[in-house]
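Here is a short report on selected side chains and their surroundings. Please look over the sequence and the structure first.

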Amino acid sequence: MHVENGALRTRKSLKRNTVGMWHLANTTYSGETIRMRSADNHVATAMVLTTVSQIWSSGSSCDIQLVFTAVEEIYQLAMAGLNLRGSIGSEDDCIIVVEAMEMVPHGSGYPSYTAGPLIKVNDGDVAYGVGANASYNLAEARLLQGATHTRHQHAESGGYTDATSVSLLTSCPNIATLAVPCRNKHNVSTSGEVVPETVSYRDVVEGIGILKSAVLLEPVDAEGVLSIQLRSTNVAQRRRERVRAYRHNRARLAMGFYYPENILHWIGMVGSRLF
């Protein structure tokens with residue numbers, strides 16, 4: 001395999017819809033640093049499952065729905081489908097997205113890789129809950145309450161998550177993201193090398209603590225809620241982009257892969273673009 005004109009080339013042809021992964025070492029631990037191939041997904045999933053396990057073991061009672069989505073990186077396609085069908089994003093929902101992601105400055109916010117888990121209030125120019133035009137954000141308030149005695153960050157930031165789709169396509173006012181800082185996102189360094197993603201073990205543990213408390217504790221007040229103070233830009237355009245992207249690709253979501261492999265797949269692809 002080699003790179004030619006920016007594309008990967010192989011000596012032998014690959015079957016359509018072949019999936020590839022970076023050839024990297026197994027997960028390693030060095031002090032507080034975890035190095036792995038896909039922290040972007042694995043760490044967030046582990047945090048959610050550990051939190052639920054701890055809540056279950058404690059005997060506490062609460063109503064939680066876990067949602068694991070696909071193709072979040074491409075216009076949040078799976079979440080967009082759930083939002084457009086009305087499955088997620090009602091006015092009574094309280095949605096917390098869990099991520100391991102880059103710390104990207106935006107507006108007045110300059111999140112750090114060394115200051116703890118980040119309570120996100122926006123994804124770039126999309127403020128959470130923009131579709132609701134509400135004066136309160138219960139999800140953000142819950143995370144702030146859960147982080148009262150824990151090292152954390154709370155600021156504007158860039159980067160996009162499933163919370164973008166929920167904010168643009170629903171009237172749900174209660175949306176927030178808990179993000180663990182992740183270096184070398186998608187296993188590519190700032191210089192273009194293929195390297196492990198890295199996260200802090202301390203951030204992961206503290207993030208689990210914040211998430212658990214956010215689920216179990218009722219927020220005392222709304223002080224410090226930042227999302228309702230932000231303005232969003234290009235909302236209508238971004239909403240159209242996500243609706244169009246979902247409609248054009250819903251057949252691919254149903255198939256579970258990108259390229260159609262038989263006549264029925266082709267019919268589904270054509271139909272999803274026409275209707």
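Where is the place of glutamine 229? Glutamine 229 lies in the loop between helix 5 (201-216) and helix 6 (235-255). Keep in mind that this is a predicted model.

Is glutamine 229 buried or exposed? Its relative accessible area is 57%, so glutamine 229 is exposed, as the cut-off for exposed is over 50%. The side chain of glutamine 229 reaches the backbone oxygen of valine 225, at 3.0 Å. Tyrosine 136 is 93 residues from glutamine 229 in sequence. In space, the two are 9.9 Å apart, C-alpha to C-alpha.

**Asparagine 137**

Asparagine 137 also sits in a loop, between strand 8 (126-127) and helix 3 (138-146). Its relative accessibility is 0%. Asparagine 137 therefore counts as buried, since buried means under 20%. What does the side chain of asparagine 137 contact? A polar atom of this side chain lies 3.1 Å from the backbone nitrogen of alanine 139. The side chain of asparagine 137 is also joined to the side chain of serine 227 by a polar contact of 3.0 Å.

**Rings and a charge**

How many aromatic pairs are there by the rule used here? The count comes to one. The pair is tyrosine 258 with tyrosine 259. Their ring centres are 4.9 Å apart and their planes stand at 75°, so the pair is edge-to-face. The angle decides this, because planes over 60 degrees apart count as edge-to-face. Tyrosine 258 has a further neighbour. The charged end of arginine 252 sits over the ring of tyrosine 258, 3.7 Å from its centre.

**A nonpolar patch**

Which residues form a nonpolar patch on the surface? They are Leu49, Ile64, Leu66 and Phe68. Together they have about 360 Å² of accessible area. One of them, leucine 49, is in helix 1 (residues 39-58).

**Accessibility at a glance**

The table lists relative accessibility by residue.

| Residue | Relative accessibility | Class |
|---|---|---|
| Leucine 49 | 45% | partly exposed |
| Asparagine 137 | 0% | buried |
| Glutamine 229 | 57% | exposed |
| Tyrosine 258 | 46% | partly exposed |
| Tyrosine 259 | 43% | partly exposed |

Terms used:
Residues are numbered from 1 along each chain as its sequence is written. This is a predicted model: local features need pLDDT of at least 70, side-chain atom pairs count only at pLDDT 80 or more; totals for chains, interfaces and linings use all residues. Side-chain values use heavy atoms; hydrogens and water are left out. Patches are made of residues with over 30% relative accessible area and no salt bridge: like charges are joined within 9 Å, nonpolar side chains (Val, Leu, Ile, Met, Phe, Trp, Tyr) within 5 Å. Accessible areas come from the Shrake-Rupley method with a 1.4 Å probe; for residues, only the protein chains shown count as cover. A salt bridge is a side-chain nitrogen of Lys or Arg within 4 Å of a carboxyl oxygen of Asp or Glu. Helices (H or I, at least four residues) and strands (E, at least two) are DSSP runs, numbered from the N terminus. Buried means under 20% relative accessible area, exposed over 50%, partly exposed in between (1.4 Å probe, protein chains only). Rings of Phe, Tyr and Trp (its six-membered ring) pair if their centres lie within 6.5 Å; planes under 30 degrees apart count as stacked, over 60 as edge-to-face and the rest as tilted. A charge sits over a ring if NZ of Lys or CZ of Arg is within 6 Å of the ring centre and within 35 degrees of the ring normal. A polar contact is a pair of N or O atoms within 3.5 Å; within protein, one must be able to donate a hydrogen and the other to accept it, and residues adjacent in sequence count only if both atoms are side-chain atoms.
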